[in-house]
Amino acid sequence: MQHFEDFPVGREAAFGDRLVTGEEIVTFARAFDPQPFHLDEAAGRASMLGGLAASGWHACGLLMRMICDAYLNDTAGLGSPGIKEVRWLKPILAGDRLSARMKVREARRSASRPGLGILQVDYALLNQRGETVMTWDCTQLMRCREAGP
């Protein structure tokens, strides 16, 4: 199991290989974001997105699953107080294959709880052409292996 000490500033990783299908785009959109360009190929082509496009919220869920599968479920993770920024840079279209990258930008122990580590992590979701389609600026809380001073 990985702890805060295993995530020094500068740690990078690449992970994931996820095909996005039209069926899952529509299923998610029907339940959570029923805009025409998420529900219908013709409406998607007629929009500025250029095809049946995944909701940005669907993209967030996809990235979260990739993070959990890649490493988070094998850590002493304690959740997150939030994401500072999410940016949807390019549409994710039916048939796109996604991967992800992460980089630890900051790592510090909590001043009030020395057994708690606070990480600032930048994530990027990429399509099969290596284009960044979404970014996250995320705070992650993680238990320290050692309680510290």
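Contact, in these notes, means heavy atoms within 4.5 Å. I'm working on a predicted model, where local features need pLDDT of at least 70, side-chain atom pairs count only at pLDDT 80 or more, and totals for chains, interfaces and linings use all residues. Residues are numbered from 1 along each chain as its sequence is written, and side-chain values use heavy atoms, with hydrogens and water left out.

**Entry: Ala53**

I looked up Ala53 and its surroundings. Leaving aside neighbours within four places in sequence, Ala53 is in contact with Ile25, Phe37, His38, Pro91, Ile92 and Leu93. Ala53 is in the loop between helix H3 (41–46) and H4; helices (H or I, at least four residues) and strands (E, at least two) are DSSP runs, numbered from the N terminus. Is Ala53 buried or exposed? It is buried, at 1% relative accessible area; buried is under 20%, exposed over 50%, partly exposed in between (1.4 Å probe, protein chains only). I also checked Leu98, 45 residues from Ala53 along the chain: the C-alpha atoms are separated by 13 Å.

**Entry: the sheet**

Next I traced the strands. There are 5 in an open sheet, ordered E1-E3-E4-E5-E2, and the pairing is antiparallel; two strands pair if DSSP finds at least two bridges between them. E1 and E2 are the edge strands, each pairing on one side only. I got an average twist of 20° from one strand to the next; axes are lines fitted to C-alpha atoms, for helices over the stretch in contact, and angles run from 0 to 180 degrees between N-to-C directions. E4 and E5 share 11 bridges, and Gly117 has Met142 in E5 as its bridge partner. Helix H4 lies across E1, E2, E3 (97–109), E4 and E5, at about 50° to E5.

**Entry: rings**

How many aromatic pairs does a search of the whole structure find? I get 5. Rings of Phe, Tyr and Trp (its six-membered ring) pair if their centres lie within 6.5 Å; planes under 30 degrees apart are stacked, over 60 edge-to-face, the rest tilted. Phe7 and Tyr71 have ring centres 5.6 Å apart and planes at 45°, so I log a tilted pair. Phe7 is buried at 1%, and Tyr71 is buried at 7%. Tyr123 and Trp136 sit 5.9 Å apart by ring centres with planes at 90°, so that one is edge-to-face. Tyr123 is in strand E4 (116–126) and Trp136 in strand E5 (132–143), so the pair ties together parts 13 residues apart in sequence. Ring pairs also link Phe7, Phe15 and Tyr71 into a cluster.
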